[in-house]
Structures are given as structure tokens and as C-alpha cells.
Amino acid sequence: MQAIDLRSDTVTHPTPEMRQAMAEAAVGDDVWGDDPSVQRLERLAAEMLGKEAALFVVSGTMGNTTCLLTHCGRGDEIIVGKVAHTFKYEVGASAALGSIHSYPIPVQPDGTLDLHDIEHAIRDSSDVHYPVTKLVALENTQGSIGGIPISAEYTQALRDLCDRHGLKLHLDGARLFNAAAALEVDVKTLVAPVDSVSFCLSKGLCAPIGSIIAGSAEFIGRARRTRKMLGGGWRQAGIIAAAGIIALETMPKRLHEDHANAKALASALSQLEGLHIDMGQVQTNMIFIQLDQALPFTAYDLEAQLAEQNILMDVWDERFIRLVTHYWITPERVQTVIDAVRACFSQPVRS
Ligand SMILES: Cc1ncc(COP(=O)(O)O)c(C=O)c1O
């Protein structure tokens with residue numbers, strides 16, 4: 001039996017329709033700019049996002065890095081959340097590959113960056129001691145704090161701030177379509193205020209590989225060169241783009257199902273004594289669980305017990321777990337997980 005894999009939405013396998021489309025995809029050489037499937041995917045993505053142009057890249061990390069290296073030069077500074085993926089989990093790519101300095105600031109409990117913190121972090125450009133502040137990077141949904149969707153109103157307020165200070169605004173929208181589904185707004189509205197956006201085809205949208213970056217035609221033209229420098233000029237990429245096209249055409253409209261499954265799972269688990277979930281945070285496909293110190297077992301014990309039943313979860317520390325729902329987590333599988341966790345809580349789990 002395929003595992004009930006709640007570790008992340010990065011684990012999603014392609015659907016049978018995607019596998020078929022990949023087998024039959026028309027391809028060319030994308031570095032020469034003549035892969036018809038890649039061209040179709042990039043046109044579709046740009047249209048859906050309301051941006052002039054889009055570029056197909058290997059991963060979310062490559063998408064963010066390509067954007068940051070295209071916007072910023074050596075020694076420029078970006079303002080970014082301390083727990084943002086771009087800052088915390090991308091191998092320091094912008095520093096290592098682009099000599100870009102990061103100014104990390106706290107991420108608020110609602111997933112936003114405090115506008116006062118940003119104002120405060122912007123450097124005085126007349127002082128030779130400082131790097132030049134060039135860009136603010138936002139994450140939507142915020143993957144380390146509840147998977148919280150960030151509103152278009154907040155993003156516009158941040159845009160206004162950036163405009164007052166001549167800064168670029170980049171959005172890591174790895175789960176942008178989850179945010180749009182949860183907020184019930186068009187993705188175009190969420191990304192209208194930003195100069196560049198990166199989103200993943202490979203997470204909730206279920207494609208096996210790939211991300212998209214989008215922005216002005218001029219920006220994407222320069223980003224294409226940056227992607228090549230990063231080794232991301234991929235030849236017959238149409239085979240993968242074919243799955244991306246199906247991802248974009250079919251998956252955004254069903255993401256509310258993943259969100260409903262997350263709510264159902266969170267709501268049932270939160271009834272268990274010693275297990276805490278902030279239900280207000282469960283707005284998309286993520287559930288963050290805190291275990292009481294008083295419980296006679298740790299999150300690692302629970303993880304081991306559930307793994308024996310082919311249920312996988314992401315343990316962050318002894319008392320903290322993240323679960324993520326996605327296409328392959330059906331309501332029946334949610335019920336299986338609820339029953340299994342309940343059983344662990346009703347019998348002593350080995351410690
Ligand atoms: C918010 C966020 N941004 C970017 C990424 C990077 O995506 P990738 O793993 O495709 O490099 C991830 C991956 O989990 C993510 O959660």
C-alpha cells in the first residue's frame with residue numbers, strides 16, 4: 001500500500017493523466033527557445049498570473065534564487081523573514097551565489113512581516129557603512145507559520161512601502177494557489193503588487209518537478225540568463241512541462257478539498273488530551289501540532305508508532321509536528337490517520 005504521507009505536499013506523485021501527457025509531449029530544445037510544451041506552459045502561467053512573462057525553472061529554490069540574483073547585485077541587501085524558506089532553507093544561495101546580504105526580521109504570527117520592522121531595517125543610503133537595501137522578500141503561504149495565506153491588501157500595503165523607498169518586491173509563492181483558494185481570490189490579485197513571483201508546480205499542484213517565475217518581460221528576459229548561469233537551461237524540458245500544464249489546468253480548482261481535509265484532521269486531533277492545534281491557523285493544507293510536556297511519549301515516539309502503519313509525518317522537535325494534506329490524502333485516508341493517532345493516545349506509546 002502507498003504510504004499515507006503527510007510529511008509535505010512535496011511528496012505528491014504525478015497523476016495518471018500527467019504521466020500520459022509526459023509520455024506523449026511534443027518537445028524541442030528549450031535553451032534554443034523552441035520547446036513547444038515549455039512555451040505553452042510559460043504562456044499559460046503568465047496569463048493566469050496576469051504578468052507579462054513567465055519562466056519554467058527546476059525548483060522553488062532555483063526560482064527564488066534566479067529572481068534574487070536578477071534583481072540584486074553584489075553587496076546589495078534584501079529584507080526577509082527569519083523563518084522564510086528563502087532565508088532559512090535555501091542553502092544561503094543568494095549569499096553564496098549572488099553575494100547578496102540578507103537582513104532577517106521576525107515573521108508575525110499571521111505570517112506577515114511587520115511594516116514597521118521593514119521600515120526600520122531599510123538602510124540609510126547616505127551612510128557608507130551600510131549595504132544598499134534593494135528588495136523585500138515575502139512568502140505566501142507562510143510555510144513555517146501555519147501555512148497562513150497572506151491577503152492582497154497586506155501585499156499592496158507592502159508594495160506601497162517598497163515604492164516609497166524604491167525597493168523591489170519578490171514573492172516566494174511556492175503555495176500561491178493554496179493562498180488564493182483559501183482567500184477565495186484570483187491569483188492575479190495576490191501577485192499584482194509584486195515585481196516577481198515564484199510558485200511551485202511540484203507541491204499541491206502535483207506535478208513531479210518544476211516551478212514558475214513570473215514578472216515583466218524585461219525582467220524574465222534577464223532571469224533567463226541567470227537561470228542558464230545556475231545550470232537551469234534544460235533541453236527537452238517539454239516532457240516535464242507537459243505535466244505542469246495539467247497541474248495548472250486542473251489542480252488549482254481542487255485545492256479547497258485539501259484545505260477541508262486539513263481542517264477535518266486538525267479538528268479531530270485537537271480533541272485529544274495533551275495535543276494542541278491552533279485551529280485559527282489551519283486555513284490551508286498545513287497543521288502544526290504541539291504536544292504537552294506532560295505526555296508520556298514524544299513526537300518521535302508517535303512518529304515511529306505511526307510509521308509502522310505506513311503513516312508518515314514531519315517531526316520538527318520532541319513536541320512539535322507538521323502535517324500537510326495534498327491530492328493523495330483523501331477523506332478516507334484522513335479517517336485512517338485519525339483512528340491511528342487516537343489509538344496511540346489511548347494505549348501507552350513506547351518511549
Ligand atoms: C515556501 C517554500 N518556498 C520554496 C521552496 C523550495 O522549493 P523546492 O523544494 O522545489 O526547491 C519550498 C519547499 O518546500 C517552500 O516550502
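Predicted model: local features only at pLDDT ≥ 70, side-chain atom pairs only at ≥ 80, totals over all residues.
**Domains**

I started with the overall layout. The chain splits into domain 1, residues 9-250, and domain 2, residues 254-343. I looked up the spacing of their C-alpha centres and got 28 Å. Then I checked the contact between them: 16 residues of domain 1 meet 14 residues of domain 2. On the domain 1 side of that contact, I found seven nonpolar, seven polar and two charged residues.

**Helix α8 against helix α12**

Helix α8 covers residues 176-183 and helix α12 covers residues 255-269; their axes are 9 Å apart and cross at about 75 degrees. For the residues involved, α8 brings Phe177, Asn178, Ala181 and Ala182, while α12 brings Leu255, His256 and His259. I sorted this contact by type and have four nonpolar residues, three polar ones and no charged ones.

**Around the ligand**

Which residues surround the ligand? My list reads Thr10, Ser59, Gly60, Thr61, His85, Glu139, Gly143, Asp172, Ala174, Cys200, Ser202 and Ser211. By type, this shell has eight polar residues, two nonpolar and two charged.

**The seven-stranded sheet**

I traced the strand order of the open seven-stranded sheet as β2-β8-β7-β6-β5-β3-β4, with mixed pairing.

Five bridges link β2 with strand β8 (residues 211-215), and the pairing is antiparallel.

**The four-stranded sheet**

The other sheet I looked up is open as well, with four strands in the order β9-β10-β13-β12 and antiparallel pairing. The edge strands here are β9 (275-276) and β12 (314-317); each has a single partner strand, so one side of each lacks a neighbour in the sheet.

From the β9 end, I counted two bridges to strand β10 (residues 286-291), and the two strands run antiparallel. His276 stands opposite Gln290 in β10. Helix α12 turns up again here: α12 packs on the sheet and touches β9, β10 and β13 (320-324). Its direction makes about 15 degrees with that of β10.

From the β12 end, three bridges join β12 to β13, again antiparallel. I noted Asp314 opposite Arg322 of β13. How many residues does the hairpin from β12 to β13 pass through? The hairpin uses two. I also found helix α13 (residues 299-307) lying across β10, β12 and β13, at about 165 degrees to β12.

Last, I went through the backbone for exceptions. Most residues other than glycine have a negative phi, and most peptide bonds are trans. Which peptide bond did I flag as cis? I flagged the bond from Asn140 to Thr141, with omega near 0 degrees. Thr141 belongs to the loop between β5 (133-139) and α7 (152-165). I also flagged Ser99, which is not a glycine and yet has a positive phi of about 55 degrees. Where is Ser99 found? I located Ser99 in the loop between α5 (93-98) and β4.

Definitions and conventions:
Residues numbered from 1 in each chain as written. Domains from an automatic or database assignment. Contact = placed C-beta atoms within 7 Å. Nonpolar A, V, L, I, M, F, W, Y, C, P; charged D, E, K, R; others polar. Axes fitted to C-alpha atoms, helices over the stretch in contact; angles between N-to-C directions. Near = placed C-beta within 6 Å. Pairing = 2+ DSSP bridges.
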